[in-house]
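Here is a short note for a colleague who is opening this entry for the first time. Please keep the view open and follow the points in turn.

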Amino acid sequence: MYNLDDTIAAISTPVGEGGIGIVRISGKQSLEIAERLFRSAKGRRLSEVRSHQMIYGYIIDPEGGAPIDEVLVSVMRAPATYTKEDMVEINCHGGLLPMRRVLEAVIRMGARMAGPGEFTFRAFMNGRIDLSQAEATLDLIRAKTESSERLALEQLSGRLSEKINHLRERLMQVCAHVEASLDFPEEEIETAEAEEILENMKSLSRELRELAGTYEEGRFFREGLAVAIVGRPNVGKSSLLNALMEQDRAIVTELPGTTRDVLEEYISIEGIPLRIMDTAGIREAHDLAEAEGVRRSLRAIEGADLVLALFDASTELTEEDILVIEKITNRRAIVVLNKADLPMKIDGEGFKGNFPVVVISAKNGEGIRELKETILSMVFKGSISHEGFIVTNLRHKLALEKAYTCLERASTALQEFSPYEIVAFELRDALDSLGEIVGAVTTEDILEMIFSQFCIGK
Amino acid sequence: MYKDSEFDVIVIGAGHAGCEAALATARLGLQTCLFAINLDTIAQMSCNPAIGGLAKGHLVREIDALGGEMARVADRAGIQFRILNRSKGPAVWSLRAQADRLLYKLAMREVLEEQENLVIKQALVDEVVVKDSKVQGVMTSLGVFYRARAVIVTTGTFLRGLIHIGLESFPAGRAGEFPAVNLSDSLKRLGLKMGRLKTGTPPRIDSKTIDFSRTAEQWGDDPPQPFSYSTESITNPQLPCYITYTNERTHRIILDNLDRSPLYSGRIKGIGPRYCPSIEDKVVRFSERPRHQVFLEPEGLQTKEFYANGISTSLPYDVQVRLVRSIPGLEEAEIMRPGYAIEYDFVYPTQLRHTLETKLVEGLFLAGQINGTSGYEEAAAQGLVAGVNAAMKLLGREPLILRRHEAYIGVLIDDLVTKGTTEPYRMFTSRAEYRLLLRHDNADMRLRERGYRIGLVSEEQYRAFRKKKETLELELRRLEKETVAPEKVNPVLESSNTTTVKEHISLVQLLRRPEISYDVIKSISPSPYAVEGELEKLVEIEVKYSGYIRRQIDLIEKMKRFENTRIPENFPYERIAGLSREVVSKLREVNPVTIAQASRIPGVTPAAITALMIALKKKKYLEREYTV
């Protein structure tokens, strides 16, 4: 059920494609939230801007103050807006990742992630749109997944809700213990010792935290994994890209970045979209000095989730190669030795232990399959320990965060000998948060558990 | 047919629900007649001789705050008072009292008989007379008709009551009393859907034959705290209870005789309460438990009869004797009355409004076990609400509907009319989502005003309450404003093992510290106001819990819009696009009054609620189109 009184936000342009998109905010706090994140280029304040005007500036990371994206912000005051509420639309330019970060910042400032069709729902409830449109929102509300989501993602999400149900079940057990001792004080129920309860709470909150952490990986599914191919000129960056693409023939789009001179190519490996930031073409065409070419190429490392460091195996390492090696230290990177079709001068032994090394020939396709497997295993190394449970949805992540925060508070309360009813209060809150992901928990569920576990009744 | 006197309100059944209902209507000035099958068992405690306990104690306090009678009678009859759950937080503290069974019913009967506008009659009501879906009155088994504008049915376990002891069974309302058979058929003819429940009671034992030296004595609190806000002190002598345990031998006796148990042979069809299982149920379901607790509770000051709490059973008499005698302290025990199980009819409570009026018949109200609940306190609470609402209806005034965040009574009734029940429903603190607000200590703060406006709280009681409330507010403000200097407060902080301060600190900040009690605050800076007794605790809790209280209030605020969005009666749910047939049938059954209530119906999904909100909006939209 949608609340109508709070402020909601969402990315309102299609997910997955297009580097330009809009983060939309609606509700009483819209302006206030945007104001706190926005720095106008000319020092203007959003509250001073006339309604239905656009203003240019930056969205700033609330923690740290670094700019997230260069944006155009439209301020639209109630009631002449789509939802008849105050609205702010942030036009992001920097591609998917910054857009995502803008949304997260907006949520952190107090907006709630909008549900499917919720802007339209509000538009209708506030008398802005007609019946047929409103009824169309019902289809949206009933639709479980976004159409852009891929099969692999759905499967993972399905497994995720199983996982959450399982965690919920365990949380409910803890809850039942605490509740039973509150509601049946004179019974000889085998109330688990406080230490056991504490242990359970801690391990649950740890698992919830880990699960919330997989959102980072889940993000790869939605937005693609940002991969940078770096290396000095002529090591075969273009050929590698072509080799990766050729096997999949899955180019989605090709778009010049607006804020960086980097080409982005999309390919897909087993359902995982890869957004490859290709620094090859441009600079080599511009015939820049070699050092400058390397420097620019290395810039692409900054926004990358994974770096493919490419070297020419048929020649000894050059000074520029060493520069590349220095830059990938402490990064998630794979060392790729190209030109295996030629006699090899280096074998990659020196990299072993620090980076996985894959030997390929971009020319004849040798080693490309192995490289793809290595890419996958690098990215999902962590997730294998979560048995493949991945949080892909920001709403789910936020609910998980709230759940473990409450659990941590419950643990603290227990350790500080706060009354059990306080522990129970925090546990209920945690349970409700998990319930938001997969469906509500009723008091009947808890009582059911109490009665099935404890011998009650004097 | 003989037509006797006419009344405004008739109450059928003089148990805990019936007494509160009749008192409420009579006190509100309506001519009321209370019918009982047997006048000697008015306000009978059919099961354990105790009032209150977890969540039930809260109900008793709320009844008192609203101007009901149960708390005052319990104070007059109480022979042991104990606050349960002291260590687990003030919201789950709950008062429980052992009550003298005889004193209790005499005290209640005295109140009833003294009450103006109230007539008490012994009669068996056979029929609720209804014309054009409006209640007309009742017909007794002697063929006498009594006209009334409202009828409140509070029949407890009497509707087609059937007692089981072993494989023997016989019709009865309670052991030794007639059941009400025809009345049940009459309600069915009105179109009310009915089901069958079961409950049970343990054997009663002659204390001359109990060896108390083999049991553990348990005394109540000294001094005892009363239930009622208007009771000064408890005057009865206080008695202990005794604790003993079943053992492997007891369990063997039970297991060897399950074939003679009406429960396990399938003779009992009604559904029993899971939270109050019979001893045979406990032994079978929790076979790993080597023993179960048995509380031996005195039935009164003037009697040797003891109640064996914890071994409710419907096993045959000879098995009851052997199982009792296998328990330490009871080796020589003589059973005075055997335990038994009783099956009875109840009305599915989703057929009621929040006022406890049936949706089918105007002017017909139901309260107590007939609505599927168990427990004296649950019954009394409903009796009070049904009585008040019958009166409000006849007087043309606003009904009394308590919300879930206002009272356990609100939770109780909302649960019943929204979720229904399939087993005897008992109140638990875990049923209340706003538990930290619905405390035992603040029942008057929550409800006294309501009781006064209804007209059940006297001017004198109300003045006392106003004074208490003002003092509370003054004191809270003082704690907020007044600060103390480090040199004054640090010695106290050191001795309380909490960190010292460098600057002035407000009293409220001090009191928020877990180590600092209100007593400490008093020693630092005594209050100029009359903060004493219960009020001290109230001040302390309000301050210490303010953060949690705020969080709960935020939740209530969030729900407000849904609580305030009303759904017209008999809304055409089947015409809403996108609702499954299952959801439609649930919505039709309950006929929720608000969106919030609809959302609490089991099986009604958030998506369905959104669809419903759109449909409601659409309805308004269309109506506007037509009226323009």
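**Notes on chain B**

1. Start with a pair of strands. Strand 15 of chain B and strand 16 of chain B are joined by four bridges, and the pairing is antiparallel. B:Ile243 faces B:Phe295 of strand 16 of chain B across this pairing. B:Tyr242 stands opposite B:Leu296, also in strand 16 of chain B. Keep in mind throughout that this is a predicted model.

2. Now look to the other partner of strand 15. Strand 14 of chain B (residues 216-218) runs antiparallel to strand 15 of chain B (residues 241-245), with three bridges between them.

3. Go back to strand 16 and move on to strand 17. Strand 16 of chain B is joined to strand 17 of chain B (residues 305-309) by four bridges, again in the antiparallel sense. The two form a hairpin, with six residues between them. B:Leu296 stands opposite B:Ala308 of strand 17 of chain B.

4. Is strand 16 of chain B mostly covered or mostly open? Mostly covered: five of the six residues in strand 16 of chain B are buried. Strand 16 of chain B (293-298) is also among the elements that give two or more residues to the side of chain B that touches chain A.

5. That leads to the interface. 44 residues of chain B are in contact with 35 residues of chain A. Besides strand 16, helix 17 (546-564) and helix 20 (606-627) of chain B each give two or more residues to this side. Which element gives the most? Helix 20 of chain B does, with nine residues. By class, the side of chain B that touches chain A has 23 nonpolar, eleven polar and ten charged residues.

6. A separate sheet deserves a look. Its four strands follow the order 11-10-19-12 in chain B. The sheet is open, and the pairing is antiparallel. Strand 11 (168-171) and strand 12 (194-201) of chain B are the edge strands, and each pairs on one side only. From one strand to the next, the twist averages 25 degrees.

7. Strand 12 of chain B runs antiparallel to strand 19 of chain B (residues 340-347), and eight bridges join them. Within this pairing, B:Lys198 has B:Glu343 of strand 19 of chain B as its bridge partner.

8. Turn next to two helices. Helix 9 of chain B (residues 376-395) and helix 10 of chain B (residues 408-419) have axes that come within 10 Å and cross at roughly 85 degrees. Helix 9 and helix 10 of chain B are therefore roughly perpendicular to each other. Helix 9 of chain B contributes B:Glu378, B:Ala381, B:Gln382 and B:Val385 to the contact, and helix 10 of chain B contributes B:Ile409, B:Leu412 and B:Ile413. By class, that contact has five nonpolar, one polar and one charged residues.

9. Finally, step back to the whole chain. Chain B is divided into domain 1 (1-455), domain 2 (458-549) and domain 3 (565-627). How many Å separate the centres of domain 2 and domain 3 of chain B? Taken over C-alpha atoms, the separation is 48 Å.

Technical notes: Residues numbered from 1 in each chain as written. Chains lettered and ligands numbered in written order. Predicted model: local features only at pLDDT ≥ 70, side-chain atom pairs only at ≥ 80, totals over all residues. Pairing = 2+ DSSP bridges. Axes fitted to C-alpha atoms, helices over the stretch in contact; angles between N-to-C directions. Contact = placed C-beta atoms within 7 Å. Nonpolar A, V, L, I, M, F, W, Y, C, P; charged D, E, K, R; others polar. Domains from an automatic or database assignment. Parallel < 35°, antiparallel > 145°, perpendicular 65-115°, else oblique. Buried ≥ 20, exposed ≤ 12 C-beta atoms within 10 Å, placed from the backbone.
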